[in-house]
Amino acid sequence: MKIEKSKLLLEIAGKTVIERSVEAFLSISDVDEVIVTVREQDLQAFSKLLTDERITFVIGGETRQQSVKNAVDTIESAELLIIHDGARPLIREEDIENTIIAAKDCGAAAVGVPVKDTIKVIDGDSFIIDTPDRSTLFAVQTPQIFDFEHYKRALQQSIDDGKDFTDDCQLIEYAGGKVKMVTGSYTNIKITTPDDIGIAERIMIK
């Protein structure tokens, strides 16, 4: 984003990115607690914005997996663990609920959308070497939802094996589990570049 402060503190139509992301989950009756992992330097700013009694804060780690572990370590027990990227503020409640239903049924589920473009696999010299069947490809998003105990075992296995995954579905796959894909929305964008703020605002207007 080329800014000094966290992109989650940027505003979309009068509310910060993190407020919109968290509020989507607080509105779900199945959600008992929201744990927000933050950088230590952002804790004060986030705690002023997010004051609901169901919210707790945890200092994140150096990687995504380490940040999730820091949050998981604070949970005594749960049926499901819902992992969401705070930079996806436009997640729809119905997509959260549909993914919860799938996770309860299958043990692991993630929201995503079918890939629209033809995907090419390239080699080290940037030459195309393969074209996967687009009908089998999805772009995975968040939330990604897992049976809590299953996730903890998979997380411990990855740590024991020296693995550090950037995607929680991949962590479950590594441990031999299967993840159900739930078709979500193309509007569930990740705020990554300055242009994404304007795109998100236009999506909200529609």
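The following questions and answers concern a predicted model.

Visitor: Which element gives the most residues to the largest nonpolar core?
Guide: The largest nonpolar core has 32 residues, and Val22, Val34, Val36 and Phe46 have the most contacts inside it. Two or more residues come from each of α1 (17–26), β3 (34–38), α4 (93–106) and α7 (194–205). With six residues, the element that gives the most is α1.

Visitor: Which residues does valine 36 touch, not counting residues up to four places away in sequence?
Guide: Valine 36 is among the residues with the most contacts inside the largest nonpolar core. With residues up to four places away in sequence left out, valine 36 touches Ile18, Val22, Phe46, Leu50, Ile55, Thr56, Phe57 and Val58.

Visitor: Where around helix α3 do its buried residues lie, on the same side or on opposite sides?
Guide: In α3 (residues 64–72), the buried residues are Gln65, Ser67, Val68, Ala71 and Val72. Because they cover an arc of only 160 degrees around the axis, they lie on the same side of α3.

Visitor: What covers the buried residues of α3?
Guide: The buried residues in question are Gln65, Ser67, Val68, Ala71 and Val72. Their cover includes the strands β3, β4 (55–59) and β5 (80–83), together with the helices α5 (148–160) and α6 (168–174).

Visitor: Which strands stand at the edges of the open sheet of four strands?
Guide: The order of the strands is β5-β9-β6-β10, with mixed pairing. An edge strand has a single partner, so one side of it is left without a neighbour in the sheet. The strands in that position are β5 and β10 (180–183).

Visitor: What is the bridge partner of glycine 112 in β9?
Guide: Strands β6 (residues 108–114) and β9 (residues 138–147) run antiparallel and are joined by six bridges. In β9, the partner of glycine 112 is valine 140.

Visitor: At what angle does α5 run to β9?
Guide: Helix α5 lies across both β5 and β9. Its angle to β9 is about 110 degrees.

Note on methods. Residues are numbered from 1 along each chain as its sequence is written. This is a predicted model: local features need pLDDT of at least 70, side-chain atom pairs count only at pLDDT 80 or more; totals for chains, interfaces and linings use all residues. Side-chain values use heavy atoms; hydrogens and water are left out. A nonpolar core is a set of buried Ala, Val, Leu, Ile, Met, Phe, Trp, Tyr and Cys residues joined through side-chain atoms within 4.5 Å. Buried means under 20% relative accessible area, exposed over 50%, partly exposed in between (1.4 Å probe, protein chains only). Contact means heavy atoms within 4.5 Å. The arc is that of the directions from the helix axis to the C-beta atoms. Two strands pair if DSSP finds at least two bridges between them. Axes are lines fitted to C-alpha atoms, for helices over the stretch in contact, and angles run from 0 to 180 degrees between N-to-C directions.
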